[in-house]
Structures are given as C-alpha cells and as structure tokens.
Amino acid sequence: MEKTLSIIKPDGVKRGLIGEVIRRLENNKIKVIAIKMLHMDINQAQGFYAVHQERPFFKSLTDFMSSGPVVVMILEGDNVISKYRELMGATNYKEAAEGTIRKDFATDIEKNVVHGSDGPETASSEISYFFNTFEIAG
Ligand code: CMP
C-alpha cells in the first residue's frame, strides 16, 4: 500500500483548519496511519526543504515553516500520493481546481495550507524525516 507525507502548515494550524483537512482526507477514504504536532526550528525547516535551497523563496519558505506549529501525518492508500495531491490542488492556489484545499483556503503561493510529497522516493525520505517505525500504526 502506498504512503505519503502530509503537513498542515503553520497557516492551516493557526486558522483552525486541522479538522477540515482531516475531514477531507477521511471523506476521500484516505487513511491516517501516523500523526503528530510539532514546531520546527529553522534548521529543521531548512533540512526538510533542502531541495529548494537554491530557490529565491527558500528563506521566506523556511522562516514561514518554522513560524508556528504544524501537523505532520502519514497517509496510506492506493495511489495516495496522487490522490492527496489532487485533494490539495496546485501549489499556486490561483491555479488550483475548484473544491481543492488550496483553492478553498490558501492565501498566497507560500501560505498554501498543506504540503504533500511529490513522488514515492520523496514520500519515503519525507516520512523518515519526521517519523520512526514505532510511531506508525499501519
Ligand atoms: P510545498 O508543496 O510545501 O513545496 C514547496 C513550497 O514552497 C510550496 O509548497 C510553497 O509553499 C512554497 N513556495 C513559495 N513560493 C513558491 C514558488 N514560486 N513556487 C513554488 N513553491 C513556492
């Protein structure tokens, strides 16, 4: 069964969207098999987004991701990586499809409420960035 990493970002947590995001997952038969809330420091945020370190938005992104608590989850299901990406909508909320989380709630390209892994290899490295095997219920 495929797994992916989901993060409800600091904007989503601050705005009280944890329940809304999880409701959408459950309504779409996506199973949460691990979950925790944590507040990344700047080094942890930079480590998580290391692939983006050359991008012009890296500093702003990692400042934002370490600005408050996030909820990290492991999701499991058939084709869960693409299924969850569909539920999230495009990174840029202006291009996101109707009814997606980002279309409904994102306020800019950075404060886009949720993160999801973009492929199987990223999913596996992102999952092990946050969870050890004892924390996974699946
Ligand atoms: P995420 O899916 O978490 O992956 C990288 C994040 O960088 C992205 O969501 C956005 O929150 C943020 N970001 C900020 N500016 C940009 C940009 N111009 N293009 C892509 N991602 C951006």
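I call a residue near a molecule or strand if one of its heavy atoms lies within 4 Å of it. By that rule I listed the residues around the ligand as Lys9, Tyr49, His52, Phe57, Leu61, Thr91, Arg102, Ile109, Glu110, Asn112 and His115. I note that the model is predicted, that local features need pLDDT of at least 70 and side-chain atom pairs pLDDT 80 or more, and that totals for chains, interfaces and linings use all residues. Residues are numbered from 1 along each chain as its sequence is written, and side-chain values use heavy atoms, with hydrogens and water left out.

**Entry 1: the ligand**

I sorted the shell around the ligand by class and found 4 nonpolar, 4 polar and 3 charged residues; here Ala, Val, Leu, Ile, Met, Phe, Trp, Tyr, Cys and Pro count as nonpolar, Asp, Glu, Lys and Arg as charged, and the others, Gly among them, as polar.

For polar contacts I took pairs of N or O atoms within 3.5 Å; within protein, one must be able to donate a hydrogen and the other to accept it, and residues adjacent in sequence count only if both atoms are side-chain atoms. The side chain of Tyr49 has an N or O atom 2.6 Å from an oxygen atom of the ligand. From the backbone, an N or O atom of Glu110 is 3.0 Å from a ligand oxygen, and one of Ile109 is 3.3 Å from a ligand oxygen. The ligand taken alone exposes 450 Å², of which the protein buries 79%, with accessible areas from the Shrake-Rupley method and a 1.4 Å probe, where for residues only the protein chains shown count as cover.

**Entry 2: the loop between H5 and H6**

Helices (H or I, at least four residues) and strands (E, at least two) are DSSP runs, numbered from the N terminus. I found Thr100 in the loop between helix H5 (80–88) and helix H6 (101–105). Is Thr100 buried or exposed? Thr100 counts as buried because its relative accessibility is 6%, and the cut-offs are under 20% for buried, over 50% for exposed and in between for partly exposed (1.4 Å probe, protein chains only). A polar atom of the Thr100 side chain lies 2.7 Å from the backbone oxygen of Ala97.

Ala90 is also in the loop between H5 and H6, and I recorded Ala90 as partly exposed because its relative accessible area is 28%. Its C-alpha atom is 9.4 Å from that of Ile101, 11 residues apart along the chain.

**Entry 3: the loop between H6 and S4**

I placed Asn112, one of the residues around the ligand, in the loop between H6 and S4, and it is buried because its relative accessible area is 2%.

Val113 lies in the loop between H6 and strand S4 (114–116), and its phi is near 70 degrees, a positive value in a residue other than glycine. Val113 is buried because its relative accessible area is 0%.

**Entry 4: Asn79**

Asn79 sits in the loop between strand S3 (70–77) and H5, with a phi near 50 degrees, which is positive in a residue other than glycine. I wrote down Asn79 as exposed because its relative accessibility is 53%.
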